[in-house]
Amino acid sequence: MQLGMIGLGRMGANIVRRLMRQGHECVVFDRNAQAAATLAAEGADPAADIAGLVGALAPPRAVWIMLPAGGPTREAVSTLAGLLAPGDTVIDGGNTFWKEDIARARELRVKGIAYLDAGTSGGVWGLERGYCLMIGGEKAEVDRLDPIFAALAPGPGGISRTPGREDRDLRVERGYLHAGPCGAGHFVKMIHNGIEYGMMQAIAEGFDIMRHAGTGRLPEELRLDLDLADIAEVWRRGSVITSWLLDLTAAALAADPDLAGYSGHVEDSGEGRWTVQAAIEEAVPAEVLTSALYTRFRSRQEHTFAEKMLSAMRRGFGGHMEPGKGE
């Protein structure tokens, strides 16, 4: 299939690469002309602007936006609304607030343009591992673009089938989901990111406790000198908390046992805040997720080993750099 991609940052560029590896044709645009030129050298068709991108696509068109949530995404959608035709589709793969998706889909529907919100998880590793996709929108449009989503998804890999799923949607086992109407994709991804905060916080706090097991505050006979890198490594192998986050933790500690290269300043993408907001609106208690979000706020004032651990994991899965340490 043919796809237009607007936004060629860490994830957008690799989404294009993964699609091209599987035979899909990609027309690309980014305000940074060099980003488009790099992908052109790999086989993509570069466009000088959004109008050029739309003009290079054959109807019915599909344009994927991979830009920061808020102003940049709104501007791109507004521009596309004036260029696309009935039957075309806009896909927002960024971290847009799900309520904006509902309003945006309604506005585009008047013009006959379909809108899909695609929560996209995979970070900088998605090119090789694939992207877990949570998609909101009309079923007909999701089905039409299935070859794109199937190419991006991780596939079943070596994960064993869950008993009792024999009669359920097989796409889910391949790593992509039609979550429901517009907004559902980004809502599910928002909650995913909120859970991610809590899981990261639990790992970070546990390792912080072990790091201080030899503190002088304890009686000498109760002090322990623990090798955190080895503990992370052994937990990766058969323990009940085995996870990709633990893999990233082990890699960070093996490379830098004291995490001296991290300040402990931990940003948040905004989705953790929206998750807590949703919990408040639904009157659902979410103590762990809320606490994890507040810890990120506190990390910008003082830094503990646990917060350095959070920074290490964020850089591991998403390439997120700390302020002042951009590459």
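Predicted model: local features only at pLDDT ≥ 70, side-chain atom pairs only at ≥ 80, totals over all residues.
Buried residues, meaning those under 20% relative accessible area with a 1.4 Å probe and protein chains only, make up 48% of the 327 residues in this chain. Residues are numbered from 1 along each chain as its sequence is written, and side-chain values use heavy atoms, with hydrogens and water left out.

Turning to the overall fold, the chain holds 15 helices and eight strands, taken as DSSP runs of H or I over at least four residues and of E over at least two, numbered from the N terminus. The radius of gyration is 22 Å, close to the 20 Å that the globule rule gives for 327 residues, so the chain is as compact as a globular protein of that length; the radius is taken over C-alpha atoms, and the rule is 2.2 Å times the number of residues to the power 0.38. Along its principal axes, the C-alpha trace spans about 75 × 45 × 40 Å.

As for contacts, that is, heavy atoms within 4.5 Å, 68% of those between residues at least 6 apart in sequence join residues at least 24 apart.

Is glutamate 141 buried or exposed? With a relative accessible area of 17%, glutamate 141 is buried, and, leaving aside residues up to four places away in sequence, glutamate 141 touches Thr89, Ala114 and Leu116.

Terms used:
Buried < 20%, exposed > 50% of the residue type's maximum accessible area, 1.4 Å probe, protein only.
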